[in-house]
Amino acid sequence: MAKIFIYPTNSLILSDLVERFGHKPLAMMEKIREKITTVGVDSPPLNITPEDPKLGLKYASVEVPAGVRGRMSIVGPLVDEADAAIIVLDSASAFGCMGCARTNELTKFLARQRDIPRLEVKYPRTDEEGKDFVYQIAEFLKSLPKEEDGE
Amino acid sequence: MSGEDVDEITKIVVIDSESVLPSDAAMKIYESDVDITIKETCFGTMVTGPRESVEKVVAEVRALDPNHVFVKQRGFPPGDKRRCRASRGGGPRPGFHYLRNEVATLPIISRALDEYETYNPAEKKESPDKISPSKLKDIIESEL
């Protein structure tokens with residue numbers, strides 16, 4: 001079972017497909033759960049600690065807004081941890097909580113920088129594109145090792 | 001928070017099926033004898049509880065119609081004050097729009113999963129190029 005970094009990092013479709021084909025999705029939701037169940041991080045609506053922007057310094061320079069660094073403190077370790085990555089481009093919904101364009105760019109950049117198997121596809125708009133989308137993702141996931149390599 | 005050492009998770013089960021209704025999934029979950037909390041939503045259900053129990057129940061629901069039931073983990077439990085609209089003065093919760101956007105794409109994914117085993121990309125038809133304005137103009141004029 002490989003750890004697959006997915007972008008968009010909170011995608012239902014990608015998270016489901018990765019699990020469906022027998023791997024572990026590295027998604028934002030799991031990290032958020034860890035954060036909110038940590039004692040001491042309970043000041044609504046904040047869900048990061050003052051430490052997070054500091055942790056984010058590993059991925060983004062001090063000049064960038066604290067929000068980027070705060071987000072990168074969650075997303076960055078996911079990229080570092082990944083055995084493979086699936087990036088879906090042209091997401092019309094990369095807005096709202098997901099909508100930090102600079103974080104999104106940096107996330108994709110970091111995933112591309114790593115020397116790991118990577119698949120880049122576009123969000124499907126038609127049935128034909130959908131078939132291609134699922135086929136590519138499924139074949140990519142099947143090509144990855146299922147067993148733990150015992151690292 | 002609920003704290004302790006129990007590894008509690010929340011999963012969203014989104015149903016896009018013609019044969020399984022969200023209420024069927026909810027009934028399936030109610031029938032199970034595990035210690036979990038369920039919240040029915042407009043997309044399906046949210047299941048909260050110990051990791052093993054949740055995964056067991058979710059697998060049962062997915063088995064009802066594997067290609068039309070989608071599951072993802074959720075960070076916040078249902079009713080969490082930081083997300084629940086009851087305590088935030090109404091309006092969609094953060095993350096709702098993204099989920100709604102993806103739910104609109106689910107029928108395409110479901111049909112693709114149905115046909116995945118038989119799909120052959122070699123047979124994929126090339127989509128025709130865009131027609132040039134001058135050619136389009138010629139066609140229109142020739143029809144007149």
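Student: Where does R93(B) lie?

Tutor: R93(B) sits in the loop between helix 3 (85-88) and helix 4 of chain B. Helices (H or I, at least four residues) and strands (E, at least two) are DSSP runs, numbered from the N terminus. This is a predicted model, in which local features need pLDDT of at least 70 and side-chain atom pairs count only at pLDDT 80 or more, while totals for chains, interfaces and linings use all residues. Residues are numbered from 1 along each chain as its sequence is written, chains are lettered from A and ligands numbered from 1 in the order in which they are written, and side-chain values use heavy atoms, with hydrogens and water left out.

Student: Which residues is R93(B) in contact with, leaving aside its neighbours within four places in sequence?

Tutor: I12(B), R74(B), R83(B), R88(B) and L99(B). Contact means heavy atoms within 4.5 Å.

Student: And what separates the C-alpha atoms of R93(B) and R83(B)?

Tutor: A distance of 5.8 Å, with the two residues 10 apart along the chain.

Student: Sheet in chain B: what is the strand order?

Tutor: The order is 2-3-1-4, in an open sheet of 4 strands with antiparallel pairing. Two strands pair if DSSP finds at least two bridges between them.

Student: Which strands stand at the edges?

Tutor: Strand 2 (37-40) and strand 4 (69-74) of chain B; each has a single partner strand, so one side of each is left without a neighbour in the sheet. Neighbouring strands of this sheet are turned by 20 degrees against each other on average, direction ignored. Axes are lines fitted to C-alpha atoms, for helices over the stretch in contact, and angles run from 0 to 180 degrees between N-to-C directions.

Student: How many bridges join strand 2 to strand 3 of chain B?

Tutor: There are 4, and strand 3 covers residues 44-50. T37(B) has T48(B) as its bridge partner in strand 3 of chain B. Helix 1 (residues 22-31) of chain B packs on the sheet, where it touches strand 1, strand 2 and strand 3 of chain B, and its direction makes about 20 degrees with that of strand 3.

Student: Switching to chain A: what pattern does it follow along the sequence?

Tutor: β-α-β-α-α-α-β-α-β-α, with 6 helices and 4 strands.

Student: Is strand 3 of chain A mostly covered or mostly open?

Tutor: Mostly covered: 5 of the 6 residues in strand 3 (residues 84-89) of chain A are buried. Buried means under 20% relative accessible area, exposed over 50%, partly exposed in between (1.4 Å probe, protein chains only).

Student: How many bridges join strand 3 to strand 4 of chain A?

Tutor: 5, and the two strands run parallel. L89(A) is opposite K122(A) in strand 4. Strand 1 (residues 3-7) of chain A also runs parallel to strand 3, joined by 4 bridges.
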